[in-house]
Amino acid sequence: MATEAPPPARNGTETDRGPVPPTTEQFTEVQESEEFGELRRTCRSFAFPLTLAFIAWYLLYVLLSNYAGGFMGTKVFGNINMALVLGLGQFLTTFLIAWLYSRHAANRLDPKAEAIKSRMEGDA
């Protein structure tokens, strides 16, 4: 699908479509900056440990389901057994991790990323 609008001007000024995007060199410069490195470290220091912990928790559930049938079949109360409790725990931890990451991103990542973005857009 072709558009009839002309491409944005590349002379460093704003066009009818908004600011001109940063150049490849500007992206590379920001990527190599200490500020961007700190942003990446902040993200990774949160995401990697939680990802590994959740994968370990999930694999534990799978292994228990395959090799510890007696334990997983243990009645907790009524018709509720350990397999159901741990399975629902998988959902609970998924939502908990998503909520924690959302808070972490809003408090620590977004302000840093917004500062980098506004500086790039201002320099463009």
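I started with arginine 119 in this predicted model, and at 39% relative accessibility arginine 119 counts as partly exposed. Next I looked for its partner: the side chains of arginine 119 and glutamate 35 meet in a salt bridge, 2.1 Å from N to O. I noted that this pair links distant parts of the chain, with arginine 119 in helix 4 (residues 82-123) and glutamate 35 in helix 2, 84 residues apart. Glutamate 35 is partly exposed too, at 31% relative accessibility.

Lysine 112 forms a salt bridge with glutamate 38, and I read 3.1 Å between the closest N and O atoms. Here again distant parts of the chain are linked: lysine 112 sits in helix 4 and glutamate 38 in helix 2, 74 residues apart. Lysine 112 is partly exposed at 24%, and glutamate 38 is partly exposed at 36%.

I then checked glutamate 34 and arginine 41, whose side chains meet in a salt bridge at 2.7 Å, N to O. Glutamate 34 is exposed, with a relative accessible area of 57%, whereas arginine 41 is partly exposed at 47%.

My last stop was threonine 42, in helix 2 (residues 34-67). Is threonine 42 buried or exposed? Threonine 42 counts as buried, because its relative accessibility is 13% and the cut-off for buried is under 20%. A polar atom of its side chain lies 2.8 Å from the backbone oxygen of glutamate 38. Leaving aside residues up to four places away in sequence, I saw threonine 42 touch His104, Arg108, Leu109 and Lys112.

Conventions:
Residues are numbered from 1 along each chain as its sequence is written. This is a predicted model: local features need pLDDT of at least 70, side-chain atom pairs count only at pLDDT 80 or more; totals for chains, interfaces and linings use all residues. Side-chain values use heavy atoms; hydrogens and water are left out. Helices (H or I, at least four residues) and strands (E, at least two) are DSSP runs, numbered from the N terminus. Buried means under 20% relative accessible area, exposed over 50%, partly exposed in between (1.4 Å probe, protein chains only). A polar contact is a pair of N or O atoms within 3.5 Å; within protein, one must be able to donate a hydrogen and the other to accept it, and residues adjacent in sequence count only if both atoms are side-chain atoms. Contact means heavy atoms within 4.5 Å. A salt bridge is a side-chain nitrogen of Lys or Arg within 4 Å of a carboxyl oxygen of Asp or Glu.
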